[in-house]
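The following note sets out several points for discussion. Please read it alongside the sequence and the structure.

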Amino acid sequence: MRPGDGIAGRITGIGDEAAPDLTGQIDVARELGWSALELRTVDGIALADLDTPAVHALADRLHSAGLGVVCLDSRIANWARPVTADFAADLAELDRLAAHGRVLGCRSVRIMSWPNDGLPEDTWASRVISRVRRLARRAEDLGLELLHENCSGWAGASASRTLRLLHEVDSPVLRVLFDTGNGVAHGYDSVSLLEPLLPHVAHVHVKDGLPGERPGEAVYTLPGDGAARVADCLRLLEDHGYRGAYSLEPHLAVLPHEGKRRESADAKGLFTRAAQRLAALPPGAAPAPGPGSPSRSRPPGVDTGLLVHLLHTPTAGPLETGPGAPHALRAALHSYATAAARCGLDTLSLAPPRAADVLREGTPARVRAAVAADPAFLTGQPSLLLRLGPELPRERTVMFNVHLDTVAGGPPPAFDGTRFTGRGAVDAKGPAVALLAGIAAAARACPAVGRDVSVLVQAVAGEEGGALGTFGTRPLVEAGHVGRVNVFCEPTGLRHLPRATAASTARITVTGDDAVDDRPDAGHNATLLLGFLAQHLATALAPPSPGAPPATVCLAGLHTGTLHNKVHGTGSLALNLAHTCPEDGAATEAAVTRALAEGLREFTARYRAVPLFARTAADAARITRLDWEKRGLPALGAQPAWGDALMERAGIDRWPDEAPAFTCDAIWLHAVPGTYTTVFGPGGLDTHHAHADGEFVDLTDLERFASRVTALLVAFAADAAPAAWPAGHTTPPPATAPGPAPPERTAVPRDPAPAAAPAASGQGPTPDPGDLPAPGAAPLTAQGTAPAVGPGGRAPAPARGPATRTGTSSGGVPAPVPDTDTGTAAAPATDTTAGAAPATPPGAARAPASEAGPGTSSGAGRASGPVTPIRTEKAGTV
């Protein structure tokens, strides 16, 4: 969404604040029209304590109700786990939540930063930073995102400490969860805390309250009735470009940290009233920025953590794996939708196709067989439809098609800082993630994108497994979800391919009699027969044979059996045949039929006089059958010249005309008039080992693809909406507009996590026994200093490497950093790295309160009737 569009469509909430049981949580979410929940406990059990069957059941119920999950609220580093507690419990919980998140479709985990337990301040700080660093490195491997909340712990109530934590941990997976109301109990102004943290906020909790009778207490209220300046926070977030969820945590009937639930209170009613108030709450006036307030952040680069999460999530469908294998496509699509929402894209639908749209002529036989065998097959094959901007005519719309389903097999996924490996890395989870970065960058570079030009994203099921889009792309295209330009994101080496072949699949089946190894002549030898036919067809159907059809022939697989002491009488041989037009397809089918008949005659002539195989030769024609599992599909032919010119203006090279095309879901645009369709993506099917062991994609491949997406959308907008450019622009921005910003922390090969540097004279912080570094690890940043902070309020992110750092990068004298705890400047950090750029302070100036004063936000849309508050002490605020 864009500023001014309101936040109602992005509101969700922590379900157990409305009801302890899952049924109650789902009911209130559906009544409020929400699309997701945030999970903390279910039926009184902490999320991490649920076993695997319970999590699968939880996911099934949520997804069946049309609900995703936006955040997993952990107990990691919270009020109940002081910094002296066993760190192993936090690491174990992180691992469990990673597994749960792949089932639920969520990679965001809420953490805090450990309350103190009598340690000296510098020791407390050192231990917190060391632990969060270890959590972050583990999260990088697991594909998780850590959201640090301004709540209990060392960095919970201080912007400067939070910035120091972000800087010293130096991980792209560590972000900020901002809670609007925690400052009421903790004694700080929410807007002043938020301003310097804006570039790092990835999730928001909403609560409001008034100071209690004693220090550290709060009386919680409906949003807008308290002193938390909720409306001002919302405006600040929206104006800064925040597009994530607003998760309601009102504390009107539940105080989880104190184990309190007001049994006499109408928790559901209070929660509903708070949600309605939040939806109607007009954002306040944006606070005047201080001299060093962070500027509007650039859109994120390629989300490496999202891709690692998706690579870990099993999405190979039943057509690939067979029944019973793990299949979490719906969860993966929920994760993708959550990430897309942060880029401003709305979810239009996440649903399976109707059976009537699938079971029809042209649908492959194996799809029809799968539906017949399992009526719930299609339910597990949903597709996701996203849109940036309003619904606009096709002439002003660009559509991108991606697929998150994969082929089966492959090694465990990994990311070493520069290269992703694992099934789907290049085909096509990697391109799907990079696409979001490209769209976000285009919307920032060009005001018309998402306003005067709409962007559709189809994230489909059924691209792999031989389904060829018949239950994913085809229904969406036939429903009209297409653009004037349509891009199918497949590996093409960053050259666009404006054509696609169709495919026919033939299966030759032998159904004879088995025999034992002592009497091999008594049965039919399907292995010999099918092997002979495979060789014959390979010769007869390939150039320069005069009977070769106008198609690419793939001998896809031969199978009879695996026993060594048996003559297998049954088996099959599969052929895949790609062609460029219906006429070629028909000619190919005729050529296969003819060549098979010739092959059977030759086999009989060769082996009828060999006693061991005489029976097989005599019955060869009778026991051999040809079936077409897939035939009659369209191909994508030549595309209009205006589209080629657009791609050229965007700086995207064209696939060579003499190079063969390949088959993908783009074929379903073959008959849509007035459109241009092309296939375009990073990496190559062969060079990057798609569908094979060792599949990979490099981060630089994805970044280049994202930049080309940005350029294409900017070029399209220049053609589609030239009058939409800002005043003073006599020509549109160049088609090669800037792509996405590089990741906020550069991904480089990882070194061991640094440990605390010893203080002079043998005194100083004592490291946590569980946090000692590996041999050779670099030391921690010197304790007792706050890191210098770069533009936008972000601490500079030094690359991990062998250089020994004692502070933040600086080529000169770093500026002191104001501490929002005391208002004083901390001592500057130093760095021994030569040539580093000077740092600048965050300038986290305290913004003035609105004229009406805290707690007097507009009452528009407020529900009537008093709310009986709950009091709390700040030590446990959540």
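**Notes on the predicted model**

1. Asp170 lies in the loop between α5 (159–169) and β8 (174–179), where helices (H or I, at least four residues) and strands (E, at least two) are DSSP runs numbered from the N terminus. Its phi is near 55°, a positive value in a residue other than glycine. With a relative accessible area of 10%, Asp170 is buried; buried means under 20% relative accessible area, exposed over 50% and partly exposed in between (1.4 Å probe, protein chains only).

2. This is a predicted model, in which local features need pLDDT of at least 70, side-chain atom pairs count only at pLDDT 80 or more, and totals for chains, interfaces and linings use all residues. Residues are numbered from 1 along each chain as its sequence is written, and side-chain values use heavy atoms, with hydrogens and water left out.

3. The average pLDDT (the predictor's confidence in each residue, from 0 to 100) is 83 for the protein, and 78% of the residues score at least 70. Residues 1–5 have pLDDT below 50, and this stretch makes 14 contacts beyond near neighbours in sequence, a contact being heavy atoms within 4.5 Å. For residues 289–297 the pLDDT is likewise below 50, with 26 such contacts in the model. Where pLDDT is low, the predicted coordinates should not be read in detail.

4. Trp114 also has a positive phi, about 55°, although it is not a glycine. The residue is found in the loop between β6 (108–113) and α4 (121–142), and it counts as buried at 0% relative accessibility.

5. One joins Asp427 and Ala428, with omega about 0°; Ala428 is in the loop between β19 (419–421) and α15 (429–445). Another runs from Pro543 to Pro544, with omega near 10°, and Pro544 is in the loop between α17 (526–540) and β25.

6. Overall, the protein has 21 helices and 34 strands. Buried residues make up 57% of its 878 residues.
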